[in-house]
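Subject: Structure handover

Hi,

Here is the structure I promised to pass on. Please open it first, then read my notes on its charged side chains below.

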Amino acid sequence: MRLTLLLTLLASQSAAQVCGGALPDFIAGVKAEAIAAEQSPSAADAFFAGAALDASVIKADRAQGVFQRDFIDFSRRLISQNRLDNGRVYGDRHAATFDQIAAEYGIPRGVLLAFWAFETDYGQVQGNFNTRDALLTLAHDCRRPELFRPQLIAAIELAARGDMDPATTTGAWAGEIGQVQMLPEDIIAYGRDGDGDGQVTLKTSAPDALLSGANVLANLGWRPNEPWLQEIKVPADLDWSQTGLNHKLTVTQWQAAGVTARNGELGPKDLPASVLLPMGRKGPAFLAYPNFEVYFEWNKSFVYVTTAAYFATRLMGAPPYNAGAPDTGLTGEEMMALQEKLTALGHDVGGIDGILGAKTRAAVQTEQMRLGLPADAWPTPAILAALP
């Protein structure tokens, strides 16, 4: 009955009301959907009192050129000595919480510390965008309404139960709240009281934020007490066409192909893993285990995910990666030109955005194989020139 009512309400709305259009009409549609999801009319009315669109949110959403940077540039910008040092400080300060997370979820402290650092600098920079208005703006915008409309409705529930104040709660431009930046649906589903005060307070309680973040990762599929990413050395004659996240072999098979750990030992021999070459066969090389895939459920950016996973290994004691001497890559404009060519050839690159994501990498590798080039998924001026 509830689903039928919801579908009927959505079907009765015009496209302008589902996203875009006059703001009062849009809000009326969201209120109706929230009421169908068993929120009270008074709670919906109170939530939207004083709500407004925020142009700075759209500006932030459109200005994500940082993800066009290559892995070496991006990781060096995000991983500072200060963040490494603070990781040790905060790791020690909240050792009891991290020990609890390790015992309950099998997630090492470095994994949560890395997210905590990148999202809010260990809780110090949580964002000053009004959360309600940010979610309203992104739900009203027609670029990704399917993502943000449900979050806006979930925020109504958060407010109704007293876990956020629509007028004063602030966070990131994309509507995330707290020290590890969680969206309202995740807070409702996975929020945990880590400090024992009977509340889930993600903005001011590090134990709450960390335990909640661990609960999210666990529910996204984290495999307890397994590795996620490890730096490796690869032989010069490796079959590059078998590298990339779209190819997996067991650790034993990779060892037989000449792959070795740069430090220590590789993971369990029966684990499936991918050889990850974020900047091609001449740059840094990693073995990505099943837990690495969970990172993409947290953030879709390939360069962010790889950097966060690598930073987690650093926080657990791994040395800096060997940068190697990668072939020259492409500028943002050149990458867009390449994506246009790949799209014309029938590849799904996920959009013409100048960002080297997983889909673009897979398409590049396919064309490298066709052209007889080393198929390491690293786009260079040579492949850009070779494609029609």
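Arg88 is partly exposed, at 46% relative accessibility. This comes from a predicted model. The side chain of Arg88 meets that of Asp85 in a salt bridge, 3.3 Å from N to O. Asp85 is partly exposed too, with a relative accessible area of 36%. Why are Arg88 and Asp85 separated by about one helical turn? Because they sit 3 residues apart in helix α7, which covers residues 81-93.

Side chains of opposite charge can pair when their charged atoms come close.

Next, look at Asp92 and Arg109. Their side chains form a salt bridge at 3.9 Å, N to O. Asp92 belongs to helix α7 and Arg109 to helix α9 (residues 109-120), so this pair ties together parts that are 17 residues apart in sequence. Asp92 is exposed, at 59% relative accessible area. Arg109 is partly exposed, at 25%.

Now a pair in loops. Lys282 and Asp327 meet through their side chains in a salt bridge of 3.0 Å, N to O. This one links distant parts of the chain, 45 residues apart. Lys282 is in the loop between β6 (272-276) and β7 (286-288). Asp327 is in the loop between α16 (302-315) and α17 (332-344). Both residues are partly exposed: Lys282 has a relative accessible area of 39%, and Asp327 has 26%.

Which residues do shared partners join into one network? They are Asp61, Arg62, Asp141, Arg143 and Arg144, connected by salt bridges. The structure holds 23 salt bridges.

Best wishes

Conventions. Residues are numbered from 1 along each chain as its sequence is written. This is a predicted model: local features need pLDDT of at least 70, side-chain atom pairs count only at pLDDT 80 or more; totals for chains, interfaces and linings use all residues. Side-chain values use heavy atoms; hydrogens and water are left out. A salt bridge is a side-chain nitrogen of Lys or Arg within 4 Å of a carboxyl oxygen of Asp or Glu. Helices (H or I, at least four residues) and strands (E, at least two) are DSSP runs, numbered from the N terminus. Buried means under 20% relative accessible area, exposed over 50%, partly exposed in between (1.4 Å probe, protein chains only).
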